[in-house]
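Q: Hi! Could you walk me through this one? I'm new to it.

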Amino acid sequence: MGCSGFLVLLVTPLIERFDQVIPLFVDPALLLLSRFMMTFFVIGFPMALLGLVLPWIAEEQRHPRQVSLIYATNTLASIAGAILAAWVLLPFIGFAKTSWLAGGSILLAAIIAAPRPKLRLIGYGALAAGLLIAFLGESGVGRLRMLGWLNYGAGWPTKLLGFYEGPEATIAAVEFSNGGRALVIDGFFAASQLKGEVRNGLDSYHVPMLLHPDPRQALVICFGTGQTSNAVRKENPVNLDIVDINPRIFKLAHHFDKNEGVLQDQRVHQIVMDGRAYLRRTSKHYDIITLEPMPPSFAGVNALYSKEFYELVRSKLASQGIVAQWVPFHAVAPKYGAAIIRTFTAAFPNAILWLDPSSKTGILLGTADLDYPLGRQWPGLERNVIARQYTPDQIRGALRLDRDALKAFDSVGQIITDDNQLLAYGEAVHLTHFFRYATGETLALIGQGD
């Protein structure tokens, strides 16, 4: 047992650097195999030694009651240890120091159980040496760098503004050498703001509010850097609810000035919860619901692109309510972009596709009201006169496909459901790691590509 604890301390500096060895965007099978092999060869042996302890101790017992007590204690300790590590130690001291604590505790237990003073002395020496090696070999995660394999040249994060490790995700706010900033979730650049950027796509975030005659109640699912929420707030709703599953996302908001302190507005309410769970539980109905989840190939995100989810959203829309779904054309292969569109229109037959004139970012907009002239009227352009980069004519002209044109995706897209998890496994994930697609390639499937 003592040898196992010492080895845990020795290999912790290597474990800290796993993220720097394998690029994120490689073939998923190769990524899985590489991570398995690294894990097996680095921590396989100390874990195998530790696994021998329980049967060895049980074998030494002479009474069944003693064996039962040992196994019960081991089970309860395993549960308590997992909860303590994930929900207490990981957020407060990080995974590296949690590993130090685990290895040191194992070695200390072996020292206490040692039958001879000489063995205890050797154990104390090993404990001191192991902790020293772990400390000197520490990579600076959370202080000097974030987790994630990155090589963006001039855009390399030169300053870590905020960092959080938790059971649900690892989150960092970073500043580039060029002055830009980004929110990084599990090594992925989830959102960014560029220094000196004039628009940053904000006009696209305004679109659902501009289409509604009187948007009083608004909901944004997934906060990111807060730019979408701020765009909705600037269109002057009476109430804006923002839902995100991770409370640390909100705590990092002050690092991104482009959100203009949206969380300090008294009309804005932060809700820490899974977005889908919130919709199931709330009795409120919204005029506007904006969906800004992570790309669909990320774990669990398929649930925010499925037919069942869109039907849930539909049930929470007020009369003439509008839902806006960001479509990550750049992050999915064309057939899966088509699947997202077909799934959305299955729940919202009255839907349109709006494309940002500059970035070609796609936004699906739908309403449960089949008679509402979605896309033909833009009451918000007259209701609120605020500074925008695009003129009213440009905003109206960016409507790319109306409800009739979107029906063409019925023949090329497959409906995404909670059961088939179409975006979460197999070819969808494989292609996501190899390519970056443009909006035009998806639209070309129905003869609408540029």
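**A first look**

A: Happy to! This is a predicted model, and its chain has 16 helices and 12 strands.

Q: What box do the C-alpha atoms fill?
A: Taken along the principal axes, the box is roughly 85 × 50 × 40 Å.

Q: And how many of the 450 residues are buried, as a percentage?
A: Buried residues make up 49% of the chain.

Q: What about contacts between residues at least 6 apart in sequence?
A: Of those, 68% join residues that are at least 24 apart.

Q: Changing topic: how far apart are the mean positions of the positive and negative charges?
A: They are 6 Å apart, with 39 positive and 37 negative charges in the chain.

Q: Okay, now rings. How many aromatic pairs are there in the whole structure?
A: A search finds seven. In one of them, Phe309 and Tyr310 have ring centres 5.9 Å apart and planes at 45°, so that pair is tilted.

Q: Is Tyr310 buried or exposed?
A: Tyr310 is buried, at 0% relative accessible area. Its ring also pairs with that of Phe344: the centres are 5.3 Å apart and the planes at 80°, so this pair is edge-to-face.

Q: Which residues do ring pairs link into a cluster?
A: The cluster consists of Phe309, Tyr310, Phe344 and Phe348.

Technical notes. Residues are numbered from 1 along each chain as its sequence is written. This is a predicted model: local features need pLDDT of at least 70, side-chain atom pairs count only at pLDDT 80 or more; totals for chains, interfaces and linings use all residues. Side-chain values use heavy atoms; hydrogens and water are left out. Helices (H or I, at least four residues) and strands (E, at least two) are DSSP runs, numbered from the N terminus. Buried means under 20% relative accessible area, exposed over 50%, partly exposed in between (1.4 Å probe, protein chains only). Contact means heavy atoms within 4.5 Å. Lys and Arg count as positive and Asp and Glu as negative; His and the chain ends are not counted. The place of a charge is taken as NZ of Lys, CZ of Arg, CG of Asp or CD of Glu. Rings of Phe, Tyr and Trp (its six-membered ring) pair if their centres lie within 6.5 Å; planes under 30 degrees apart count as stacked, over 60 as edge-to-face and the rest as tilted.
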